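Look at the model below before reading on.

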Amino acid sequence: MSARTHSLAPIAMMILSLTGLPGPLRADDDPDIPTQIEQNWNVAPRSEECADREIGVIELRIHLTPDGTITKVEPLNLNPSDMCASAAYEAAKRAVMLASPLQLPPGKTYATMTLRFYPDQVMQ
């Protein structure tokens, strides 16, 4: 297995979209949701068969209660027969669940949030 170091790239994870009321997340709301999740994202060294493969983007839809509790995490682009992508998905899902409840901006609630993870940018 090749030796790899872990470091977060400038864009390791981002919020792709939000649904719910009272409107979209704005930059000045500053809930720092990506940081809440990224701090729990433990991207372990890849197995030998996955070491030199690009995983691509992992997209998840999360369902939230008004207090930010995550009730469900769904993969949006997972090929279940791809063990390398499945391992990356599980790591992202764990990070999301560990971040629950998310600290949302005051007065904002969201029914769902679509998140995009970039595991290839984390593994360097």
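## Buried residues and Leu60

A residue is called buried when its relative accessible area is under 20%, exposed when this is over 50%, and partly exposed in between. The model is predicted. Leu60 has a relative accessibility of 0%, so Leu60 counts as buried.

Leu60 sits in strand E2. Setting aside neighbours within four places in sequence, the residues in contact with Leu60 include Val73, Glu74, Pro75, Leu76, Tyr89, Ala92 and Val96. Met113, Thr114, Leu115 and Phe117 are also among the contacts of Leu60. The C-alpha atoms of Leu60 and Leu76 are separated by 5.5 Å, although these two residues are 16 residues apart along the chain.

## The nonpolar core

In soluble globular proteins, nonpolar side chains tend to be buried together. In this model, the largest nonpolar core has 26 residues. Those with the most contacts inside the core are Ile37, Ile62, Val96, Leu102, Met113 and Phe117. Two or more residues of this core come from each of these elements: helix H1 (33–38), strand E2 (58–64), strand E3 (70–75), helix H2 (83–99) and strand E4 (112–117). H2 gives the largest share, nine residues.

What does Ile62 touch, not counting residues up to four places away in sequence? Ile62 touches Ile70, Lys72, Val73, Val96, Leu102, Ala111, Thr112, Met113 and Leu115.

## Helix H2 and its cap

H2 has 17 residues. From its first C-alpha to its last, H2 reaches 25 Å, close to the 24 Å expected at 1.5 Å a residue. The buried residues of H2 include Cys84, Ala85, Ser86, Ala88 and Tyr89. Ala91, Ala92, Ala95, Val96 and Ala99 in H2 are buried too.

Asp82 is placed in the loop between E3 and H2. Asp82 caps the N-terminal end of H2, with a side-chain oxygen 3.0 Å from the backbone nitrogen of Cys84. Is Asp82 buried or exposed? The relative accessibility of Asp82 is 17%, so Asp82 counts as buried.

## The pairing of E2 and E3

Strands E2 and E3 pair in the antiparallel sense over five bridges. E2 and E3 form a hairpin, and five residues lie between them. In the turn, Gly68 has a positive phi of about 95°.

## Charged pairs

Side chains of opposite charge can pair when their charged atoms come close. The count for this model comes to two salt bridges. In one of them, the side chains of Arg116 and Glu59 meet at 2.5 Å, N to O. Arg116 lies in strand E4 and Glu59 in strand E2, so this pair ties together parts that are 57 residues apart in sequence. Arg116 counts as partly exposed because its relative accessibility is 22%. Glu59 has a relative accessible area of 16%, so Glu59 is buried.

Glu74 forms a salt bridge with Arg61, and their closest N and O atoms are 4.0 Å apart. Because Glu74 lies in strand E3 and Arg61 in strand E2, the pair ties together parts that are 13 residues apart in sequence. Glu74 is partly exposed, with a relative accessible area of 22%. Arg61 is partly exposed, with a relative accessible area of 29%.

Notes: Residues numbered from 1 in each chain as written. Predicted model: local features only at pLDDT ≥ 70, side-chain atom pairs only at ≥ 80, totals over all residues. Heavy atoms only, no water. Core = buried A, V, L, I, M, F, W, Y, C linked by side-chain atoms within 4.5 Å. Buried < 20%, exposed > 50% of the residue type's maximum accessible area, 1.4 Å probe, protein only. Helix = DSSP H or I, 4+ residues; strand = E, 2+ residues; numbered from the N terminus. Contact = heavy atoms within 4.5 Å. Expected span 1.5 Å × (residues − 1). Polar contact = N/O pair within 3.5 Å; in protein donor to acceptor, adjacent residues only side chain to side chain. Pairing = 2+ DSSP bridges.
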